[in-house]
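Keep the sequence and the structure in view while reading.

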Amino acid sequence: MGGEARLTVDELAARAGVTVRTVRFYGTKGLLPPPELGPRRVGLYGAAHLDRLELIEELQRQGLTLAAIERYLARLPQDSSRLDLAIHRALVASWTPGAAEELGRAQLERRAGRGLSEEQVERLVAMGALERTEDPALFRADPGLLPLGVRILDVPIPLETLLAARAVVVEHSRATARELQRLFRETVWKPYRESEPDERDLARMKALTDHIQPMVAQALVTAFQRFLREELGEELGGTAREAAPPATT
């Protein structure tokens with residue numbers, strides 16, 4: 001794990017907002033890599049474990065079975081970075097209704113794994129990772145966005161840019177969800193219901209819909225990551241060409 005932070009199982013569980021029993025359970029199921037053995041054979045976990053654990057928890061909130069989560073994780077690229085996983089989780093969470101968590105300041109900082117200044121809290125609010133409540137000491141946290149928000153706190157991005165970026169994501173996510181819902185309703189549900197299925201068939205179709213949702217979410221996240229890399233690559237390539245000195249003959 002090099003020079004990165006090492007976490008005990010208790011610290012890892014606290015950072016992810018789960019119980020120690022949950023961490024150990026995922027480990028026995030092979031969903032979480034084994035820890036590195038430290039002094040006195042104490043298991044130590046790193047950032048990769050935290051990222052993976054947070055993604056597993058998000059998939060659990062979507063209602064995926066352990067077998068489905070294992071298949072989902074297996075389809076992720078082997079070279080997925082920490083930021084890749086964080087973006088994946090945040091975007092998957094944005095496509096599924098999740099319950100916000102109410103956290104006090106101490107709980108929030110323990111979940112973030114660091115102290116937070118008022119400016120940093122304001123940045124998390126701007127990103128949609130946090131929402132203020134009537135109680136100044138209590139925050140409503142988005143479990144999908146908070147880990148990503150904490151990770152980019154130290155990136156020098158203006159607050160106005162964060163607000164604009166959030167507006168873009170919300171606008172286009174809503175439009176895409178609306179169009180997908182229309183497509184599914186008109187090409188799948190409507191013909192199916194017109195065939196006069198019985199109650200058991202309807203129940204099976206509803207169950208199928210529940211299973212399709214995570215696959216659609218993963219397809220959207222994967223596509224977003226690919227297109228974002230392409231856009232960034234084109235932008236950086238254009239900047240490099242502009243900065244290059246003219247060729248001499």
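Buried means under 20% relative accessible area, exposed means over 50%, and partly exposed covers the range in between, with a 1.4 Å probe and protein chains only. Leu-163 is partly exposed, because its relative accessible area is 44%. This is a predicted model: local features need pLDDT of at least 70, side-chain atom pairs count only at pLDDT 80 or more, and totals for chains, interfaces and linings use all residues. Residues are numbered from 1 along each chain as its sequence is written, and side-chain values use heavy atoms, with hydrogens and water left out.

## Overall make-up

The chain has 10 helices and 5 strands. These elements are DSSP runs, numbered from the N terminus: helices are H or I with at least four residues, strands are E with at least two. Of the 249 residues, 33% count as buried. The chain exposes about 15,600 Å², and carbon and sulfur atoms supply 57% of that area. Accessible areas come from the Shrake-Rupley method with a 1.4 Å probe; for residues, only the protein chains shown count as cover.

Contact means heavy atoms within 4.5 Å. Among contacts between residues at least 6 apart in sequence, 64% join residues at least 24 apart.

Leu-163 belongs to helix H9 (residues 159–194).

## Nonpolar cores

In soluble globular proteins, nonpolar side chains tend to be buried together. A nonpolar core here is a set of buried Ala, Val, Leu, Ile, Met, Phe, Trp, Tyr and Cys residues joined through side-chain atoms within 4.5 Å.

The largest such core has 23 residues; Leu-12, Val-23, Leu-53 and Leu-73 touch the most other members. Four helices each supply at least two of its residues: H1 (9–16), H2 (20–28), H3 (47–61) and H4 (66–74). H3 gives the largest share, 5 residues.

What does Leu-12 touch, not counting residues up to four places away in sequence? Its contacts are Leu-7, Val-23, Leu-32, Tyr-45, His-49, Leu-50 and Leu-53. Apart from this core lies another, of 16 residues, including Leu-108, Leu-116, Met-127 and Leu-162.

## The aromatic pair

The structure holds 1 aromatic pair. Phe-25 and Tyr-26 form it, in a tilted arrangement: 6.2 Å centre to centre and 50° between the planes. Rings of Phe, Tyr and Trp (its six-membered ring) pair if their centres lie within 6.5 Å; planes under 30 degrees apart count as stacked, over 60 as edge-to-face and the rest as tilted. Phe-25 is partly exposed, at 36% relative accessible area. Tyr-26 is buried, at 2%.

## Salt bridges

Side chains of opposite charge can pair when their charged atoms come close. A salt bridge is a side-chain nitrogen of Lys or Arg within 4 Å of a carboxyl oxygen of Asp or Glu. The whole structure contains 10 of them.

| Salt bridge | N to O distance |
|---|---|
| Glu-102 and Arg-140 | 3.3 Å |
| Arg-132 and Glu-118 | 4.0 Å |
| Arg-132 and Glu-122 | 3.1 Å |

Glu-102 sits in strand E3 (residues 101–104) and Arg-140 in strand E5 (residues 138–141), so this pair links distant parts of the chain, 38 residues apart. Glu-102 is partly exposed at 45% relative accessibility. Arg-140 is partly exposed too, at 27%.

Arg-132 lies in strand E4 (residues 130–132) and Glu-118 in helix H7, 14 residues apart. Their relative accessible areas are 36% for Arg-132 and 48% for Glu-118. Arg-132 also pairs with Glu-122 of helix H7, so parts 10 residues apart in sequence are tied together. Glu-122 is partly exposed at 34%. Through shared partners, salt bridges join Arg-105, Glu-109, Glu-118, Glu-122 and Arg-132 into one network.

## Arg-123

Arg-123 is also placed in helix H7 (residues 118–126). Is this residue buried or exposed? Arg-123 is buried, yet has no salt bridge. The nearest side chain of opposite charge is Glu-119, 5.2 Å away. For charge, Lys and Arg count as positive and Asp and Glu as negative; His and the chain ends are not counted. Leaving out residues up to four places away in sequence, Arg-123 touches Ile-152, Leu-153, Val-155, Ile-157, Pro-158, Leu-159 and Leu-162.
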